[in-house]
Amino acid sequence: MRSHLLNDTTAERYRRSVTEGIERVAAKLAATDGPFTGVTVDALAPAIDAIDLDKPLHDSGAVLDELEEVYLRDAVYFHHPRYLAHLNCPVVIPALVGEAVLSAVNSSLDTWDQSAGGTLIERRLVDWTAARIGLGGNADGVFTSGGSQSNLQALLLAREEAKTDSAAKLRVFASEVSHFSVQKSAKLLGLGPDAVVTIPVDHDKRMQTVALARELARCAEDGLVPMAVVATAGTTDFGSIDPLPEIAELCEQYGTWLHVDAAYGCGLLASVRYRDRIDGIERADSVTVDYHKSFFQPVSSSAVLVRDATTLRHATYHAEYLNPRRTVEERIPNQVDKSLQTTRRFDALKLWMTLRTMGADGIGQLFDEVCDLAVEGWRLLAADPRYHVVVRPTLSTLVFRYIPAAVTDPAEIDRANLYARKALFASGDAVVAGTKVQGRHYLKFTLLNPETTAEDIAVVLDLIAGHAEQYLGESLDRAS
Ligand SMILES: *Cc1c(COP(=O)(O)O)cnc(C)c1O
């Protein structure tokens, strides 16, 4: 069994085994002709349940053959140009080289004595990101597992910085289309059930600053404490960007922590042409970035950045076995002092390899392309009488609804749209997402693949309309 351990004597086996695995994936990618096979839970679960985990196959080829059946064959493939659903990107190859290296070396980024250069590389990337944001000379941050954890940590810091001992008095302001992790974080942080004050959005799905000003004033009048405003730079559903400069003004006026959730919009930090769309982000106290959304990085790769490095002390605890107090005096860089996690992957290496191979402009060009594609898609939808489209995209998301001319019952239109999404998924021809707008069911394209064309979008719109028409036809038959 020792031959399975990676060490000096098994290096050749490691090379062969990993290559074998990579070859399967490469063959799969070359052969996939759709984003999904349409497999159902009921069809797949028995195959996975039938595998006896206490009876190993002892042969890597046989294990990969089995994996083909239970996973590779039916996985959802984000690299396919007709995967248009969630905030998942196709990944860049330099990052995959990084992924292979980081998992084999297996550094843990909690302490210097488990990572050495890894810690310094992560720090450089934190500094690089903070500089792109414009957070100033005292900025810092740390890599996290994702935007949800970044938001949680940012709100933890904001809570600790808030001037009150009463958690019940704390209020967090976020728009009605902010990410649900804001609510979840408030709960985890022990804030009251009314802690998150929801601010309405305008027609373009951006936070209404007049409403924010009103709520901040009310908060002060009621003797409550405005702990943080969460501005979203790229909402998950619409890609809309809250008016950051106006929100920053209000935060300054009320002495409130400004957190900018740029989990999605952070791609603009590398943009060659559209960087100005997130102007104002430099005034944040903390920022969430998800490289695994708009920097074309494999999951996971995310960071939280702060304007004032000293605020990260709220996440610091000293353990004698790991990062004793004296290591601070000895100036040993232990990233665990800044993180909610302890053992932590060297995810930063993927971004490092990407920047060293392609450069920031390379990433930014890809992101600009998907933003341009979204505008093309919006034009198609706006000109198509079969569809209603919600907002002109700021990033790369389109939210729309099939609206048959002959049907007026909105509930029936809801059902037709829901049916179309499911039928499309079951066909495997394309994958699209869905959401609700003013209580009605809408469909959503999140465009993060520069290989997707306007032609792909047109084809998928025809497919959706076809499924919806089929549903409505059958529904008529049922009624008669
Ligand atoms: C995706 C997303 C998150 C959550 O990020 P994860 O990496 O999925 O945890 C937070 N905020 C916004 C705006 C997002 O789009």
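Modeller: Helices are DSSP runs of H or I with at least four residues, numbered from the N terminus. Please bear in mind that this is a predicted model.

Colleague: In which helix is Ile93 found?

Modeller: The helix in question spans residues 93-105.

Colleague: Is Ile93 buried or exposed?

Modeller: A residue counts as exposed when its relative accessible area is over 50%. For Ile93 the value is 64%, so this residue is exposed. Ile93 also contributes to a nonpolar surface patch of about 500 Å², together with Val91, Leu96, Val97, Val101 and Val105. The answer for Ile93 is thus: exposed.

Colleague: What share of the ligand's area does the protein bury?

Modeller: Oxygen atoms of the ligand lie 2.8 Å from a polar backbone atom of Gly147, 2.7 Å from an N or O atom in the side chain of Ser148, and 3.0 Å from a polar side-chain atom of Lys293. Taken alone, the ligand exposes 380 Å². Of that area, the protein buries 85%.

Colleague: Which element gives the largest share of the shell around the ligand?

Modeller: The ligand is surrounded by 14 residues; by class, two are nonpolar, nine polar and three charged. Two elements, α6 (147-161) and α10 (291-294), each give two or more residues to this shell. The largest share, three residues, comes from α6.

Definitions and conventions: Residues are numbered from 1 along each chain as its sequence is written. This is a predicted model: local features need pLDDT of at least 70, side-chain atom pairs count only at pLDDT 80 or more; totals for chains, interfaces and linings use all residues. Side-chain values use heavy atoms; hydrogens and water are left out. Patches are made of residues with over 30% relative accessible area and no salt bridge: like charges are joined within 9 Å, nonpolar side chains (Val, Leu, Ile, Met, Phe, Trp, Tyr) within 5 Å. Accessible areas come from the Shrake-Rupley method with a 1.4 Å probe; for residues, only the protein chains shown count as cover. A salt bridge is a side-chain nitrogen of Lys or Arg within 4 Å of a carboxyl oxygen of Asp or Glu. Buried means under 20% relative accessible area, exposed over 50%, partly exposed in between (1.4 Å probe, protein chains only). A residue is near a molecule or strand if one of its heavy atoms lies within 4 Å of it. A polar contact is a pair of N or O atoms within 3.5 Å; within protein, one must be able to donate a hydrogen and the other to accept it, and residues adjacent in sequence count only if both atoms are side-chain atoms. Ala, Val, Leu, Ile, Met, Phe, Trp, Tyr, Cys and Pro count as nonpolar, Asp, Glu, Lys and Arg as charged, and the others, Gly among them, as polar.
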